[in-house]
Amino acid sequence: MDLIAIAVPFFMLALALELIIDWQKGSGLYRSSDAINSLSAGILSTTIGYFTRFLPLLAWGFVLRNFALIDMQPEWFDLSASGLLLWVIAALAWDFCYYWFHRFSHEISVLWAAHAVHHQSEDYNLSTALRQTSTGFLFGWIFYLPLFLIGFPLEVLITVNAINLIYQFWVHTQMVRRLGTLDRILVTPSNHRVHHAQNERYIDKNYGGMLILWDRFFGTFEDESDEEPVIFGVRKPLANLNPFWANLQVYDYLLFDARKAARWRDKVAIWFRHTGWRPTDVEARYPKQQTDLSRFQKFDPQTAPQQRHYVMAQFIIAIAGALVIAELYARKGTEAVLIPCILLWLQLYTLGLLNEGRPAARRFEWLRLLLAVPVLSWLLQAGADGLQLKETGGWVIVALYSVVSATWLALIPRAEEQLLTQ
Ligand SMILES: [Zn+2]
Ligand SMILES: [Zn+2]
């Protein structure tokens, strides 16, 4: 049973509800460009996962088969009192490992490169929760190896991981303020807001997944203060709306420093030392810009409202596409989803460009719409067993979609043209 797949409709419902409340109150918690970028990173993370999730599973399975200390049986984890106790122990053990994984993800450069994606949003709402990395598969699994070494069954650990992830969704909101004692026991909206802050007093705090007790125990807890409102985001802002670049930006910074460092020892150390560490020769030649939070401004490119509406409509289609791909993956596996994923990734890329108001964005979008006709028609035909799309011609629907979209885009005045007509 895939708990995360079951949770997705509830995530979408809660997000829609938060969006409506925000819109009604005019509280400005959502900007469409930022939310779309966060959700694009989430879709990218899920779809890249179709091609990479076997790696941690292979490693975990190998350790479990060859080195497990206790031969725990999945049947032990039933609904009896002892079974439930075992579930609680497994969930707590996973949460403990999560704390250390998350803490190292902030403290070690190469791990931060993967995790930074989750922190780049300068807004904080339920869409931020879904803003997940696509490169976490590289090292994340290492931190859970002790649990496989103990011998917890794979299916139990996959379930407690899902519960842990699902739990973390609801804490990404500003609509819930303080929860009294709960803020000191569980991870809650208040103490997780602190975790997403770039203010000096809040930085590198509150790493917990479900329990904030780990932070209180290991000295990384910080309470949210009314005197210092949280400024969300990272010190080196992403400053674009490209979900691919979001995943590569910090690796790129590290690669730059590694190339420029004179000593081989430094070229290696750059990846594994404390986040922010730079060799002295690189720092001297390319000094880091100091952050002045008193002058902080969100990255917020302005585009014509009609263009934003166009992107929103296309993004809803992208969400539908991602759901269809998820269903296809569940039925037919990795090979069946490669081409649909490439098409979807292209869509997320061009929508980011449009939201940034890049001059070349429309050309890229037209190219995508043109490409979509043969590729989608072929996919519809190939996977249309029993749907009679072969006969009716799925390509007509796809061509219609592309022509309507292209015409809609062509009719939107460019931002500069709009200014002239006002
Ligand atoms: Zn974090
Ligand atoms: Zn978070």
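Here is a short chat about a predicted model of one chain.

Reader: Okay, I'm new to this one. How many helices and strands are in the chain?

Author: The chain has 20 helices and zero strands. Keep in mind that this is a predicted model.

Reader: And what's the radius of gyration of the chain?

Author: It is 23 Å, close to the 22 Å that the globule rule gives for 422 residues, so the chain is as compact as a globular protein of that length. Along the principal axes, its C-alpha atoms fill a box of roughly 65 × 60 × 50 Å.

Reader: What share of the residues is buried?

Author: Buried residues make up 32% of the 422. On contacts, if you take those with a separation of 6 or more, 70% are between residues 24 or more positions apart.

Reader: Which domains is the chain divided into?

Author: Domain 1 covers 3–218 and domain 2 covers 305–421. Their centres, taken over C-alpha atoms, are separated by 30 Å. Eleven residues from domain 1 and 18 residues from domain 2 take part in the contact.

Reader: Which helix gives the largest share of domain 1's side?

Author: That's helix H2, residues 32–52, with ten residues on the side that touches domain 2. By type, that side of domain 1 has six nonpolar residues, five polar and no charged.

Reader: Switching topic: at what angle do H17 and H19 pack?

Author: About 170 degrees, with their axes 8 Å apart. Angles over 145 degrees count as roughly antiparallel, and H17 and H19 are therefore roughly antiparallel to each other. H17 is residues 361–382 and H19 is residues 394–411.

Reader: Which residues make that contact?

Author: From H17 they include Trp366, Leu369, Leu370 and Val373, and from H19 they include Trp395, Val398 and Ala399. Sorted by type, the contact of H17 with H19 has twelve nonpolar residues, five polar and two charged.

Reader: Is Asn206 buried or exposed?

Author: Buried, because Asn206 has 25 C-beta neighbours inside 10 Å and the cut-off is 20 or more.

Reader: And where is Ala239 found?

Author: Ala239 is in the loop between H11 and helix H12 (243–260). Its phi is positive too, about 55 degrees, although Ala239 is not a glycine. Ala239 is exposed, with 12 other C-beta atoms within 10 Å.

Notes:
Residues are numbered from 1 along each chain as its sequence is written. Chains are lettered from A and ligands numbered from 1 in the order in which they are written. This is a predicted model: local features need pLDDT of at least 70, side-chain atom pairs count only at pLDDT 80 or more; totals for chains, interfaces and linings use all residues. Domain bounds come from an automatic or database domain assignment. Two residues are in contact if their C-beta atoms, placed from the backbone, lie within 7 Å. Helices (H or I, at least four residues) and strands (E, at least two) are DSSP runs, numbered from the N terminus. Ala, Val, Leu, Ile, Met, Phe, Trp, Tyr, Cys and Pro count as nonpolar, Asp, Glu, Lys and Arg as charged, and the others, Gly among them, as polar. Axes are lines fitted to C-alpha atoms, for helices over the stretch in contact, and angles run from 0 to 180 degrees between N-to-C directions. Angles under 35 degrees count as roughly parallel, over 145 as roughly antiparallel, 65 to 115 as roughly perpendicular and the rest as oblique. The radius of gyration is taken over C-alpha atoms; the globule rule is 2.2 Å times the number of residues to the power 0.38.
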